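Hi there,

Here is the structure I promised to pass on to you. Have a look at it first, and then read on for what turned up in it.

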Amino acid sequence: MTQTAPESDGPTASHAQPAPAEPEAIFVVGVHRSGTTLMRDILERSEHVAIARENHFLGHLREKEGARYYFRQAGDLADDATIRRIADMIYGGEFRRRSRWRDVSTFWRWLVENVPQDEIVHRLVVEERSERGLMRGFMRAYADARGRPVMGEKTPAHLAYVDTLLEWFPNARVIHMLRDPRAVYVSDLRRRSTRPPHRTSWLLKIPRPLLPPIILVQTVLLWRAAVRRHAAYAARYPDRYRLVRFEDVVRRPDETLGALFDFLRVPMPVDPTEVKVVSRGFRLGEQGLDAAAADRWREHIGPLARRFLGLTLRGPMRRHGYND
């Protein structure tokens with residue numbers, strides 16, 4: 001096996017390093033449709049922070065759909081040839097073709113389009129030869145492309161892997177986005193009803209009339225699991241984990257974001273709310289925060305779905321301020 005010695009310069013060198021008080025990384029997690037994209041865009045208003053899009057490195061709804069499980073098939077990470085095989089998987093399209101349940105995550109498409117394959121190989125061969133080293137190398141590539149010292153990424157499903165994230169990156173910060181489950185349901189139903197699913201998606205096998213009840217049950221299961229995880233993480237990592245409600249961000253941005261950037265220990269940008277809406281919701285393409293987004297679900301939810309969510313999630317909803 002051949003292993004390249006670390007180098008101090010060349011294409012693998014970081015353009016900037018975090019200040020002593022800043023975290024090495026910031027992770028944004030949460031149930032999908034809870035405002036994770038909005039939070040990513042707010043954080044990226046800071047010249048200190050680069051939050052890559054979803055990489056699902058650790059896992060997805062199915063743990064073994066995580067990128068690391070595909071990369072394990074390339075061989076022993078101590079061997080430089082394995083690093084080259086991983087790069088070939090990503091840049092040659094094999095990684096994308098192997099995805100059986102969903103299209104490849106957005107980060108990997110960004111990587112292929114913006115970073116030369118040789119540069120990724122150079123970065124990874126000087127990283128720690130572990131899955132942590134791989135993840136760090138990919139995040140650092142994005143941060144360096146942005147010229148930002150604090151790296152990070154936004155994968156909602158990594159909510160299930162916060163223990164791993166904070167074990168791998170002890171100085172990191174985790175932001176858990178929470179949103180009213182009724183709004184999550186409405187947003188997810190609209191997205192899946194208006195956006196064609198990937199050719200391998202399980203949604204293609206579901207008759208359209210069954211889609212709303214399936215999404216309704218999925219929302220209940222994911223949201224209940226999220227608030228249970230919150231209780232555990234808040235107890236274990238009080239200084240490194242923070243729950244942020246979507247509704248507080250859009251209704252009280254000054255107060256909410258000020259406290260959040262204090263928690264993150266990075267300078268707050270002058271205009272953190274000057275973000276463009278890019279998620280496929282009701283305000284796609286518009287600019288800035290919209291306080292009405294906190295309650296827009298009321299105009300679009302059916303009475304049966306509203307009652308079902310209110311009954312099945314009544315206790316945790318009330319504990320987190322979703323009372324009506």
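Asp271 is partly exposed, because its relative accessibility is 30%, and Arg45 also counts as partly exposed, at 32%. These two residues form a salt bridge, with their closest N and O atoms 2.5 Å apart. The bridge links distant parts of the chain: Asp271 sits in the loop between α12 and α13, Arg45 sits in the loop between α1 and α2 (67–71), and 226 residues separate them. Please keep in mind that this is a predicted model.

How many salt bridges does the structure hold? There are 25. Here are some others to find on your screen:

- Arg252 pairs with Asp248, and their closest N and O atoms are 2.4 Å apart. Asp248 is buried, because its relative accessible area of 15% is under the 20% cut-off, whereas Arg252 is partly exposed at 37%.
- Asp295 pairs with Arg298, with 3.2 Å between the closest N and O atoms. Asp295 is partly exposed at 29% relative accessibility, and Arg298 is partly exposed at 30%.
- Glu24, Glu127, Glu128, Arg132 and Arg136 are joined in a salt-bridge network.

Next, the backbone. Most residues other than glycine have a negative phi. Which way does phi go at Arg33, positive or negative? Arg33 has a positive phi of about 70 degrees, although it is not a glycine. Arg33 lies in the loop between β1 (25–30) and α1 (36–43), and it is buried, with a relative accessible area of 16%. Arg265 has a positive phi too, near 65 degrees. Arg265 belongs to the loop between α12 (253–264) and α13, and it is exposed, because its relative accessible area of 51% is over the 50% cut-off.

Now for the second largest pocket, which holds about 190 Å³ of space. Its lining includes Arg182, Arg306, Leu311, Tyr322 and Asp324. Two elements, α13 (303–312) and α14 (314–319), each give two or more residues to this lining, and α13 gives the most, with four. Sorted by class, the lining has six charged, three nonpolar and two polar residues.

Last, turn to the surface. Val217, Leu221 and Phe308 form a nonpolar patch there, and together they have about 250 Å² of accessible area. Val217 is part of helix α10 (residues 211–236) and is partly exposed, with a relative accessible area of 41%.

Happy exploring, and write back with any questions!

Conventions: Residues are numbered from 1 along each chain as its sequence is written. This is a predicted model: local features need pLDDT of at least 70, side-chain atom pairs count only at pLDDT 80 or more; totals for chains, interfaces and linings use all residues. Side-chain values use heavy atoms; hydrogens and water are left out. Patches are made of residues with over 30% relative accessible area and no salt bridge: like charges are joined within 9 Å, nonpolar side chains (Val, Leu, Ile, Met, Phe, Trp, Tyr) within 5 Å. Accessible areas come from the Shrake-Rupley method with a 1.4 Å probe; for residues, only the protein chains shown count as cover. A salt bridge is a side-chain nitrogen of Lys or Arg within 4 Å of a carboxyl oxygen of Asp or Glu. Buried means under 20% relative accessible area, exposed over 50%, partly exposed in between (1.4 Å probe, protein chains only). On a 1 Å grid over the protein atoms alone, a cavity is a set of points where a 1.4 Å probe fits but cannot get out, and a pocket is an open set with protein on both sides within 12 Å along at least five of seven lines; lining residues have an atom within 4 Å of a point. Grid points are joined across faces, edges and corners, and a volume is the space filled by probe spheres set on the points. Ala, Val, Leu, Ile, Met, Phe, Trp, Tyr, Cys and Pro count as nonpolar, Asp, Glu, Lys and Arg as charged, and the others, Gly among them, as polar.
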